[in-house]
Amino acid sequence: VPPEALPRSRSLEPSAEAAQLPPPASKGKPWLGFNVKETRKGALLVKDTVEGGPAHQAGLRDGDTLRQFAGHVLSSLDEFLSQVQREAAVGRPVTVVVGRVPEGGDSDDEGTLEIDVIPADKARKAEILQQWKDSHSS
């Protein structure tokens with residue numbers, strides 16, 4: 001085969017599309033540091049936000065209403081849990097849209113938060129839970 005018939009080598013630099021991809025996720029069960037309760041009216045209320053955990057550090061608070069997770073509008077607790085399984089990967093932050101009623105307010109404000117997804121390994125979780133217990137023991 002003559003050399004001119006061979007394809008030219010391509011640059012080893014990542015393409016523009018590849019440069020915009022999120023970093024690869026690491027293995028492990030994802031942990032965000034909060035729970036959700038579905039109300040009778042179908043709202044998803046944030047509860048049990050772990051102080052010092054990823055959700056708390058991002059600004060999520062107990063009583064916030066979870067409206068979107070990773071760009072998906074949420075209508076039920078089951079849908080939220082499915083989205084967490086599909087979209088939450090250790091090492092990749094996830095975007096949530098929440099509603100919050102300000103103190104003394106009668107309508108809620110909406111905001112977007114980016115929550116880091118960390119591995120739910122027992123050592124890290126235990127460390128954060130201990131910090132929470134210590135801060136609430138007084």
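**Figure 1. Arg100 and its partner Asp64 in a salt bridge.** At 36% relative accessibility, Arg100 is partly exposed in this view of a predicted model. Its side chain meets that of Asp64 in a salt bridge, with 2.7 Å from N to O. Arg100 belongs to strand E6 (residues 94-100), while Asp64 sits in the loop between helix H2 (54-58) and strand E4 (65-69), so this pair ties together parts that are 36 residues apart in sequence. Asp64 has a relative accessible area of 2%, and because buried means under 20%, Asp64 counts as buried.

**Figure 2. Glu110 and Arg67 joined by a salt bridge.** Here the side chains of Glu110 and Arg67 meet at 2.7 Å, N to O. The pair links distant parts of the chain: Glu110 is in strand E7 (residues 109-115) and Arg67 in strand E4, 43 residues apart. Glu110 is exposed, at 54% relative accessibility, whereas Arg67 is partly exposed at 24%.

**Figure 3. A salt bridge between Asp48 and Lys47.** Welcome to one more pair of side chains: Asp48 and Lys47 meet in a salt bridge of 3.9 Å, N to O. The bridge counts because its distance is within the 4 Å cut-off. Asp48 is partly exposed, with a relative accessible area of 43%. Lys47 is also partly exposed, at 34% relative accessibility.

**Figure 4. The salt bridges of the model together.** How many salt bridges does the count come to? The count comes to 3: Asp64 with Arg100, Glu110 with Arg67, and Asp48 with Lys47. As a general point, side chains of opposite charge can pair when their charged atoms come close.

Definitions and conventions
Residues numbered from 1 in each chain as written. Predicted model: local features only at pLDDT ≥ 70, side-chain atom pairs only at ≥ 80, totals over all residues. Heavy atoms only, no water. Buried < 20%, exposed > 50% of the residue type's maximum accessible area, 1.4 Å probe, protein only. Helix = DSSP H or I, 4+ residues; strand = E, 2+ residues; numbered from the N terminus.
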